[in-house]
Amino acid sequence: MWAVAARACCRWTDPVTFERMWAELAPVGRSARTGGYFRQPWTSPEVELRAWFVEEAENRDLRVEVDGVGNVLAWWSPGGSAGPAVLTGSHLDSVRNGGAYDGPLGVVSALAALDLLRERGFSPTRPLGVAVFAEEEGSRFGRACLGSRLAVGAVSWASVRELRDADGVGLPDALEAAGLDPGDTGPRDNLAARIGCFVELHVEQGRDLVDRGAAIGVASEIWPHGRYRFDFTGEANHAGTTRMEDRHDPMLTYAMTALAANKQARLAGMRATFGRVETEPNGTNAVPSRVTAWLDARCDSDAALAELVEVVTRQATERAGRDGTSVSVTAESVTGAVSFDADVARVVAADHEGGDWPVIATQAGHDAGVLAAAGVPTAMLFVRNPSGVSHAPSEHAETADCLVGVSALADTLERLAGS
Ligand SMILES: [Zn+2]
């Protein structure tokens with residue numbers, strides 16, 4: 001689809017500009033106590049970051065569009081550029097106590113890549129845009145990639161306008177408080193129809209590139225992913241006077257289920273996590289009546305995901321029979337496998353010193369996955385994370401690797417927007 005053009009003459013990336021931008025973002029939303037970040041959508045740190053991005057874009061004479069939920073698009077479209085647009089970018093929000101790199105690295109790298117292209121004297125023949133998508137992490141309204149899903153029409157505004165955050169604030173009120181206009185038609189535009197391809201650069205969220213000794217990797221696919229609610233029901237009773245053999249304790253059923261999920265995932269080379277548990281009456285001296293737990297499961301195929309959940313459910317049910325409890329399982333969300341575009345991936349991976357960049361799968365959701373599922377030819381570039389940790393303060397990328405990422409992204413955009 002896209003020809004791989006000859007390598008540009010110059011791979012130099014201006015570390016001063018990259019480091020200046022990175023330093024400006026560093027204090028925003030950072031906890032002095034933990035060093036972690038909380039840039040919750042439509043609160044002051046995230047609003048400040050969005051304003052920072054708009055200023056950076058305007059300083060580069062990019063044309064800025066902001067839609068009703070705060071998705072920002074900044075366009076470099078010199079006279080004569082035409083055809084399907086090339087889009088890059090990521091997000092600026094974070095999970096609670098998250099790292100600095102998940103999201104912002106893709107945004108800062110996109111701006112630095114545009115600077116590098118201008119240094120090279122490049123001018124795009126297709127419109128070239130940098131995107132910042134809102135509420136990627138779902139940390140406020142519980143819907144991951146809410147901004148990009150609205151932008152491509154994967155969810156409707158009508159289906160989310162009643163959402164409330166943990167404090168009871170409705171989504172339209174949160175948007176208005178952040179200076180946005182939820183009545184704007186933006187969220188209902190279909191971005192997918194306007195762009196020809198999307199490339200998201202992102203910090204790696206595992207250790208694949210560390211193990212391979214590579215600074216950069218290219219994503220092949222996003223694993224299927226599901227969230228399942230397990231409701232375990234038993235009988236509340238006194239922790240002292242109730243004999244052990246007389247109990248109907250749903251905590252035991254849950255505990256065995258968590259162990260079973262871990263074992264099944266390890267045996268199959270997949271991922272299964274119970275990361276959230278609620279119990280009633282939640283008293284130290286009471287056998288619980290009810291335990292609700294959420295399973296996050298990710299597998300390398302839709303069939304493997306279905307099988308993993310089926311096996312865990314069967315083991316939970318058998319154990320409930322022995323415990324005198326009951327269990328019901330509800331799939332709250334299931335996202336199928338996302339394959340990235342092989343042609344765009346080839347453009348991203350090709351022709352760096354030492355051969356192609358490695359191609360790796362990812363187990364995390366991204367805006368890129370939303371755009372790919374909406375039919376946009378999409379690719380992802382990962383930058384090595386020496387800690388292997390993400391969604392935590394120790395998430396990291398070395399500046400040298402980040403600058404390789406900027407160069408790789410600039411090469412990719414040059415090939416895609418210059419052909
Ligand atoms: Zn991210």
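Q: Which residues is Leu117 in contact with, leaving aside its neighbours within four places in sequence?
A: In this predicted model, Leu117 is in contact with Trp76, Phe122, Leu128, Ala410, Leu413 and Glu414, once neighbours within four places in sequence are set aside. Contact here requires heavy atoms within 4.5 Å. Leu117 itself is found in helix 3.

Q: Why does Leu117 count as buried?
A: The cut-off for buried is under 20% relative accessible area. Leu117 has 0% relative accessibility, so it counts as buried.

Q: How far apart are Leu117 and Ala408 in sequence and in space?
A: They are separated by 291 residues in sequence and by 11 Å in space, C-alpha to C-alpha.

Q: What makes helix 8 roughly antiparallel to helix 9?
A: The axes of helix 8 (residues 250–268) and helix 9 (residues 302–323) cross at roughly 150° and come within 9 Å. Angles over 145 degrees count as roughly antiparallel, so helix 8 is roughly antiparallel to helix 9. Residues making the contact include Leu252, Met256 and Ala260 of helix 8, and Leu308, Val311 and Arg319 of helix 9. By class, the contact has 10 nonpolar, four polar and two charged residues. The crossing is right-handed.

Q: Which residues coordinate the zinc ion?
A: His91 (NE2), Asp102 (OD) and His202 (NE2) coordinate the zinc ion at 2.0 to 2.1 Å. Donor atoms must lie within 2.8 Å of the metal, so these distances meet the cut-off. The spacing of the donor residues in sequence is H-x10-D-x99-H.

Q: Why does the pair His91 and Asp102 tie together parts of the sequence?
A: His91 lies in strand 3 (residues 85–91) and Asp102 in the loop between strand 3 and helix 3 (104–119), so the pair joins parts that are 11 residues apart in sequence. Both His91 and Asp102 are buried.

Technical notes:
Residues numbered from 1 in each chain as written. Predicted model: local features only at pLDDT ≥ 70, side-chain atom pairs only at ≥ 80, totals over all residues. Heavy atoms only, no water. Axes fitted to C-alpha atoms, helices over the stretch in contact; angles between N-to-C directions. Helix = DSSP H or I, 4+ residues; strand = E, 2+ residues; numbered from the N terminus. Parallel < 35°, antiparallel > 145°, perpendicular 65-115°, else oblique. Left-handed = near helix turned anticlockwise from the far one by under 90°. Nonpolar A, V, L, I, M, F, W, Y, C, P; charged D, E, K, R; others polar. Donors = N, O, S within 2.8 Å, 3.2 Å for Na, K, Ca; no water. Buried < 20%, exposed > 50% of the residue type's maximum accessible area, 1.4 Å probe, protein only.
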